[in-house]
Each structure stands twice: as structure tokens, then as C-alpha cells.
Amino acid sequence: MNFDFTGRLTDHVSQERLAGLVSALAEIGKSDGGGVNRQALTPQDVAARKFLSQIAADLGCEVYRDAAANVFFRRRGTTDAPPVVTGSHIDTQPTGGRFDGAYGVCAGLEMLAALSDAGVTTELPLEVAIWTNEEGCRFAPGSMGSATFVHPELLTSFGESTDSAGVRFAEALADAAAALGEIPLVPLKRTFSAFIEAHIEQGPVLEREGKKIGVVSGIQGVRWFRVSVRGRTSHAGTTPIEFRKDAVLVATELVQQAYVAAYESDTDLRLTVGRFDVSPGATNTIASEVNFTIDLRHPCEGVLDDFEAKFRSWTRRQSPCTISLQELMRHKPTPFSGRVRAALIGAAEQCGEPWQEILSGAFHDSMYLAEHCPTGMLFIPSKDGLSHHPGEFSASDELAWGAKALTLAMYRLANPLLDGAAN
Ligand code: HGY
Ligand code: MN
Ligand code: MN
């Protein structure tokens, strides 16, 4: 790639415009402490899609959506070959920050704006995607939009997932489709030439190592479970120990056993109990039911298998309560495409900022896109490694460096003659 031309290309990436877009998007679903609560398919999520669609249209893009309410901003190329796509999610955790997911979509729009300012047209079309329900906190599992794009048959079962108010995903999806109805529909599973996701690291590594860009080698494996422990309500004062069927006692034994085993076994194993719901929830009534979640992660599938087998054996213990386990999500460890990593390494080198390779501890929509087309990711640093927290932060220059690297890598992949690795 000729450096002086593409060097000028990155000159068109505007740090101010990008930081302004991230801030404007964060206003939609803004929560206390500078965070964002914009959960999947809520009115805030739909409003944010409309807001970004208008920005894309103003850039001359065509706007599309699919049956999973994924939204795509398309910039024509000189050919009609399958597009090179970037993007991420804009739904957030309940106590989310303004960068998780949103940065990748805003960086994609900044790339399109920079190419327009530079008066550059790529050979292959470019698209920026907004994937539905990546977080999986309102409706489990996560990454439903990208999973459905790659595996359309999943949409039916996803539709039965309910939120804490009992709303089915299918209903929320129908409401969003109605609200976005004027956007033309495109099929699921369209052919892509390649996919790149720009994302905040959500961990401490890049900041600790003094790096501005992370070229992501892959994503560790993830498994989610819901554990239900069912006992019997009875009086807190009169019921002797031997008559109790105390769901909290049994559930907390299981949780403690899982955490101790996880921390003792392997420093790379990540186990989290994020939800722990007790009913009936009265101070002086022994709990009849506890539902809690398990989020299990590791780079090696064998370690996940071993831990899952151990945990399942613990749920079959002798107990005054009944214990059941439901799998909510499972994705194997995902290595990224050598070709896309080469394009990102070339881009990071060209930016001249310190960079390194890094494995992703968080899952991303890219874990499904990697099953569909050559896929890779780039990271920018997260202050104090904080994420899924209102205080999540990346500096404006870090946002811009990531967008410059994204622009260079996308430009290379969208002009195959430039991308020697493609030949
Ligand atoms: O949970 C995750 O890894 C992602 O941030 N949703
Ligand atoms: Mn994310
Ligand atoms: Mn997240």
C-alpha cells in the first residue's frame, strides 16, 4: 500500500468528529455517573439506530436492516462484489459505559466520513453493521443478532427468550421492526468479503503495556448457565435445621464451591456469578427458590469441558433441594483470520503507534462472523481496564488511532490488488 497516499487518508480521520459522535450517541440512554443504559431493543436502542442511520444517510450511504434487526450502512464500491464490513453493537449493560460496542460503530462511521472527505472510492463496497443484542443481559444469550445473521435457523429459539418482565425477544423484535419499518430489508447470511470489529479492550493489558492498538489474535471460549435450586418455604423461627429445604443454603454452597475450584485451578479461568435471584425474598421465610447464573470463560475448550463436568457433578449431590442446570450460551474459542490480522498489523505499523497482539477476554459479535468470513478485531485501551461500568473510558486520541488503523485495514481489504495477502 503506498504510504504517502494512505498516510493522507488517515489525515482525514477527525478526532473531534469521532469523539463528538461517541458523546452524542451516549446521550441516548444516558444514565447516572456518565454511563449508558441502552439495553437491547428498548426504545433507547431503537432511537440510537435511527440517530446513526440518519448520520449514515447524510454520508450518502444506503441503509438496510435484516430479520434480526441488524442494521447496515452501505457505501458503494466501484464493483458490486461482496462488501468488506465493520461494526459492532450499540446495546449496553444496565450499568454500561459509553464505549463498549458503540466505539466500533462510531469508528466505522468515521472511516466512511474520512473516505468521503478524501474523495476515495474503494473497489469493494463497504458496510458498517449494528448487531442486535450483543450483551445478552436483557435477553440471553448474547450476540443474538450476529448469531442469527450467520445461523438464521437460531432466530426461532431466540424468539422465546424472555426478559425479567416476561417480554419475549420475538415481541421486542417485532416492535423494533415496526419502528424501523421504513428501512429496506435484506436477507440474513449475506456474503461478506471480510469483517473487522473495532472495540475497546475492556481489560488492563494495553494500558499497562503502553500500547495504543491491539491486534486481536482471537476470542476465548464462553459458556453461560442458569442454575435453579428449589426447596420449600417455611418459618424462619420455628423450623428446625433437619426440616429445612433452604434454597439459599444449597445455592451458596454451590457458588462457593465453584469459585474456590475456579480460583484454585487455573489463573486463566474466569468464573462469574452475576445474577442471584431469591424468592419469595422475605426476611423471616426460608427461601424456596434461588436462580443464579454462571459465566465461564477460558482460551482452551478442554479446560471448559473439565470444569463444566465437575460443576454438573456437584449439582447432582444429595440435597434437601432439587437442583437443575440450563445452558444459556456456548461458543468455542475463536482464532481470527491470518489475512485480516496481517491487514491490521500493516495498518498498526503504518499508524506508527505502539501496538501488540492480544487475546480477547470478552466475547464479541466477531466470534460468529469468524464462522462466516475472514474476520479480525482491533482494540484500543480501556482506562484502568474498566468496562461494564459507567466509568468506562478511552481517550479521544485513542479513539482516533483505532479509527485510523481501521480505515487503513478496511481500505486495504476493499482494494484486493493492494492486499497482497488476498492473492
Ligand atoms: O460479556 C462479554 O464478553 C461482552 O462484553 N458482552
Ligand atoms: Mn462489546
Ligand atoms: Mn459488553
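Tutor: Buried means under 20% relative accessible area. Keep that cut-off in mind. This is a predicted model.

Student: How many residues of H4 are buried?

Tutor: The count is 14 of its 17 residues, so H4 is mostly covered under that cut-off.

Student: How far does H4 reach from its first C-alpha to its last?

Tutor: H4 reaches 24 Å. That is close to the 24 Å expected at 1.5 Å a residue. Now look just past the end of the helix. Gly-119 takes a positive phi there, of about 65°.

Student: Now salt bridges. How do I read one?

Tutor: Look for a side-chain nitrogen of Lys or Arg within 4 Å of a carboxyl oxygen of Asp or Glu. By this rule the structure has 28 salt bridges. Stay with H4 for the opening case. Glu-110 and Arg-17 meet in a salt bridge, 2.7 Å from N to O. Glu-110 is in helix H4 and Arg-17 in helix H2, 93 residues apart, so the pair links distant parts of the chain.

Student: Is Glu-110 buried or exposed?

Tutor: Glu-110 is at 3% relative accessibility, so it counts as buried.

Student: Which residue meets Arg-76 in a salt bridge?

Tutor: Glu-62 does, at 2.8 Å from N to O. Arg-76 sits in the loop between strand S2 and strand S3, while Glu-62 sits in strand S1. They are 14 residues apart. Arg-76 counts as exposed, because its relative accessibility is 54%.

Student: How many residues apart are Lys-212 and Glu-398?

Tutor: They are 186 residues apart. Their side chains still meet in a salt bridge, at 3.9 Å from N to O. Lys-212 is in the loop between helix H8 and strand S6. Glu-398 is in helix H13, and at 14% relative accessibility Glu-398 counts as buried.

Student: Which residues are linked in a network of salt bridges?

Tutor: Find Arg-223, Glu-301, Asp-305, Glu-308, Arg-312, Glu-327 and Arg-330. Salt bridges link these residues in a network.

Student: Next, the metal. What coordinates the manganese ion (ligand 3)?

Tutor: To read a metal site, list the donor atoms. Here they are Asp-100 (OD), Glu-135 (OE) again Glu-135 (OE), and His-388 (NE2), at 2.1 to 2.6 Å. Then check how the donors are spaced in sequence. For the manganese ion (ligand 3) the spacing is D-x34-E-x252-H.

Student: Which residue coordinates both the manganese ion (ligand 3) and the manganese ion (ligand 2)?

Tutor: Asp-100 coordinates both, and the two ions are 3.5 Å apart. Asp-100 lies in the loop between S3 and H4, and His-388 in the loop between strand S14 and H13, so the pair ties together parts 288 residues apart in sequence. Asp-100 counts as buried, at 5% relative accessibility. His-388 is partly exposed, with a relative accessible area of 36%.

Student: Last, the rings. How many aromatic pairs does a search of the whole structure find?

Tutor: It finds 13. For each pair, read two values: the distance between centres and the angle between planes. Phe-72 and Phe-149 have ring centres 6.0 Å apart and planes at 50°, so the pair is tilted. Phe-72 lies in strand S2 and Phe-149 in helix H5, so the pair ties together parts 77 residues apart in sequence. Both Phe-72 and Phe-149 are buried.

Student: Why is the pair of Phe-139 and Phe-169 edge-to-face?

Tutor: Because the planes are at 80°, and over 60 degrees counts as edge-to-face. The ring centres are 5.3 Å apart. Phe-139 is in the loop between strand S4 and H5, and Phe-169 is in helix H7. In sequence, the parts they tie together are 30 residues apart. Phe-139 is buried, with a relative accessible area of 0%. Phe-169 counts as buried too, at 2%.

Student: Which residues do ring pairs link into a cluster?

Tutor: Phe-72, Trp-131, Phe-149, Phe-192 and Phe-195.

Student: What sits over the ring of Phe-72?

Tutor: The charged end of Arg-190 does, 4.5 Å from the ring centre. Look also at Trp-401. Lys-404 lies over its face, at 4.7 Å from the ring centre.

Methods:
Residues are numbered from 1 along each chain as its sequence is written. Chains are lettered from A and ligands numbered from 1 in the order in which they are written. This is a predicted model: local features need pLDDT of at least 70, side-chain atom pairs count only at pLDDT 80 or more; totals for chains, interfaces and linings use all residues. Side-chain values use heavy atoms; hydrogens and water are left out. Helices (H or I, at least four residues) and strands (E, at least two) are DSSP runs, numbered from the N terminus. Buried means under 20% relative accessible area, exposed over 50%, partly exposed in between (1.4 Å probe, protein chains only). Donors are N, O and S atoms within 2.8 Å of the metal (3.2 Å for Na, K and Ca); water is not among the atoms, so sites may look incomplete. The expected span of a helix is 1.5 Å times one less than its number of residues. Rings of Phe, Tyr and Trp (its six-membered ring) pair if their centres lie within 6.5 Å; planes under 30 degrees apart count as stacked, over 60 as edge-to-face and the rest as tilted. A charge sits over a ring if NZ of Lys or CZ of Arg is within 6 Å of the ring centre and within 35 degrees of the ring normal.
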